[in-house]
Amino acid sequence: MDYDVVVIGAGNGGLTASATLARKGQKVLLLERHNIPGGCATSFCRGRFEFEVALHQLSGLGTPEKPGPLRMTLGSLGVMENLEFVEIQDLYSVYMPDGFTTCLKPDKNQTIAELKEKFPHEKEAIDNFFDLVYTYANDMIGAFIFRDPEPSRDKYPNLYRYALRNAKEVLDDYFKDPLLKTVISVYWGYLGVSTDQLSFAYLAMLLFQYIEFKPFHVKGGSQALSNAILNVFLTAGGRARFNCGAKRILVEDNQVIGVETDQGDTIETRYVVANISPMETYTNLVGKDLIPNNTLQEMNSRILSNSAFTMFIGFDCEPDELNIRESTNFLMASTDISRSLHDRMGRVDIQDELMVMSCYDISDPTFSPPGTCQINLVTLKYGDPWLTIPPGQYHEAKFRCAESMLKRTEKIFPNIRKHIEEIDIGTPLTHMRYLGHPAGAVYGFESRTKDSFFFQPGNRSPVDGLTFAGGWVGDQGFEPTLRSGVSAAKSILRQMNS
Amino acid sequence: MRKGIWQEFDGYKEIADEIELSFEAGKERSFDRQLADQYLGRLHPKELKLRVVDVIEETPSTKTLRLAPVDALLPPFLAGQYIPLFAEIDGIRTSRPYSISSQPKQTGFYDITVRRVPDGLVSNFLMDQVKVGDLLDSAGPQGNFNFNPLYHDRHMVCFAGGSGITPFMSMIREIVECGLDREVTLIYGNRHLDDVIFHPELESIAQRFDNITFIPVIEKPAKTYSGACGFINAALIQEVLGDMQDKTFFLCGPQGMYDFCLPELESLGVAKRKIRKEMYGPPVDICDYPGWPSGINPDKNFQVTILDGKTIPVNAGTPLLVSLEKEGIVPPSICRSGECSMCRVKVLSGKVFQPAGTPVRKSDTRFGYVHSCVSYPLEDLEIML
């Protein structure tokens, strides 16, 4: 056997799977098509800026005194000493076109107080809603994190009542003011489905997590995280091949026997971690004829998530000169959080979509060079419509969309344009190209309630020795994908011992 | 925990029905993947075969190669972008980036314009050996040296040095041939008058179009020459432009031009954000580069051991990437000027010299990664590709 395990893809899940296995003494080969590790968790340099690609607020880390699940995961991987995390002082700000703005802090009481001040007519509802969020989160933790052997409706009433409801229904039950509903639900932007389809469970857990474990960023950006995990893997004796993807996963009698790389060589192994989409894995690498029909049906039943249109902008001044005061800013065009908001993500042009503007220099003044700062300005867009643009008009479409985003941002931060020093733009096609994900999906499959936590297929596959890691087979985002790799590794170690 | 306790949750029945329905309605996505691959191949082909359909002698030391696609349409590009050209010369597989000098709305061919460089492996190959009918390997256009309508001023001031004229040629041709509402002042420095590439075309364009101004600057002119002479300095810039307001400056030429012109622009109060600079290959003589350790002769030999691979001889004055290619090890490379990071390798032990200001990710530096196209061995090295 050449390697005990071959890991395909050095995204968050592939990296933590590789590092976990190598540290357990397994001989591991990590294949990555790109020339850097990270997948989405990367950065790139333009001029004097190093732009963060994907990380806005790291969840689940917690403080050393009150560690969250991610801190424990990273701690057990031995990467903490190579990383410097920066606590983000704000939860998020919301800006509306009429001048309304609110800034929430990652503290339950402060957030409730701020909301009550802005929405005095909904005071009671605000208390009740946060009670619900917290009791729901505690039910969830009791039942699922601590794996209660005998859960019941009596023990976890809100879990039973709310786990399968969608967020909009619950918001409508609690609040009347559409602006308040908008403000409280903006995190849907991190999950990719608007509130009418989003599981309430996700919105509640996200709010709870960010408030209790605080949002973080990391010095050097998400690339630092990827590089640090890769470093642990290499130090433990792991081998990585960059610029080299997998072409086939070789299977005999339903057992993985090797991987053929796209450089043409074959590596013998009995275990593969696929940190790539199940479509790519089953259709192109294994071959559909070897996959049972119900697995394919399950895969096809799910909807590809949206991609993103992202602007990376470097400015030749500090954030305060631009009037940017907070790290995380949701720029909303209206209080419409209905289905139509979701539908608008399906067209190429950008008008009134949700936009997130993250300025990393607020919490980490060393993020960009002295006297400069950068923002990551992103909106969610489905990838398919971009495939209908004639290639000769691609650049024009890209600039047109970027101009719309910039115009909307300028209305709130009027000084930005005259301080721009660098801009780069990532379109859904950019994501298709670099991630290789169908439709440029940045969140894997959509997190509709029917596809939420309880109904995900998990990391196992019908092929013996083939295990998945990453956002395609679990929840999306940095914390879940980083943890998914550890779970995949543990699953393989269990299979090896049985 | 009981398996599937969520079946007891409120609303499970509706969700179960929805799941059942979605199983029936599900759509296969493998075809979409092919579509996406095809589309991306039109924009960013990994391989692009080009045939030399014409060779135009521009000056005694410069030729334009006109390249037409062999089996695909040419990918669109932005004026100012470049293509990498791959070649195998004397058994060495290598590549060089060449700015496209034809304009982007013209989609039948790419022109690249090559100047002979003393000891230039690829430029001399293209100058002396390539002829009409030959095939060349390339890939999709790349680069960030282009007009950006989001924040660049409509008046571009372009400083070109020698063969650094090529991206500007593409921009100027696009502006005049497509009637774009933009203005260009081109200040083009050359050592001698007969080095000026595209001289007749530029003069003619400047005569015909009010929005294009062409100022050739000759470093070593004949005594009878009446145009601008010497270097592109602050006095000249001031004289040509009047004021520096509402203009974006684009520079493309050898390092010496940047070293001279950038302080001149600064002295005129031009903000850094108004200046765009194209990369232009690795330093010509690395030993003259600020920070090069004294006492290291460029001919000094070292050994580089590749993790799980062979050990190769290198010398201090040659970029690591070039030494690797000479031994048949070809890491991917595109810009070959330190910027694109494609040729990134990890130095496991030993020291290299990498010019200050090379844009390397902070965490790459922290973990020992260097851009091999501008990294020079100062000791025996062990590296990981």
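A salt bridge here is a side-chain nitrogen of Lys or Arg within 4 Å of a carboxyl oxygen of Asp or Glu. The model is predicted, so local features need pLDDT of at least 70 and side-chain atom pairs count only at pLDDT 80 or more, while totals for chains, interfaces and linings use all residues. Residues are numbered from 1 along each chain as its sequence is written, chains are lettered from A and ligands numbered from 1 in the order in which they are written, and side-chain values use heavy atoms, with hydrogens and water left out.

Select Arg48(A) and Glu421(A). Their side chains form a salt bridge, 2.7 Å from N to O. Arg48(A) sits in the loop between strands E3 (43–46) and E4 (49–52) of chain A, and Glu421(A) in strand E18 (residues 420–426) of chain A, so the pair links parts of the chain 373 residues apart. Strands (E, at least two residues) and helices (H or I, at least four) are DSSP runs, numbered from the N terminus. Over all chains the structure holds 49 salt bridges.

Next, colour chain A by domain. An automatic or database domain assignment sets the bounds: domain 1 is 5–85 + 221–302 + 448–497, domain 2 is 107–211 and domain 3 is 306–435. The C-alpha centres of domains 2 and 3 of chain A are 28 Å apart. Their contact (heavy atoms within 4.5 Å) takes 18 residues from domain 2 and 15 residues from domain 3. Between them they bury about 1,300 Å², 69% of it on carbon and sulfur atoms; buried area is the accessible area (1.4 Å probe) that two parts lose on being put together, summed over both. On the domain 2 side, pick Thr182(A), Val186(A) and Trp188(A), which lose the most area to domain 3, together 36% of what that side buries. The count of salt bridges between these two domains is 0.

Now show helices H4 (residues 123–145) and H8 (residues 200–213) of chain A. They pack at about 95 degrees with axes 9 Å apart. Axes are lines fitted to C-alpha atoms, for helices over the stretch in contact, and angles run from 0 to 180 degrees between N-to-C directions. The pair is therefore roughly perpendicular, the term for 65 to 115 degrees. Residues in the contact include Phe129(A) and Tyr136(A) of H4(A), and Met205(A) and Phe208(A) of H8(A).

Finally, bring in chain B. Here 81 residues of chain A are in contact with 59 residues of chain B. The two chains bury about 6,200 Å² between them, of which carbon and sulfur atoms give 59%. The interface has 5 salt bridges.

Key:
Parallel < 35°, antiparallel > 145°, perpendicular 65-115°, else oblique.
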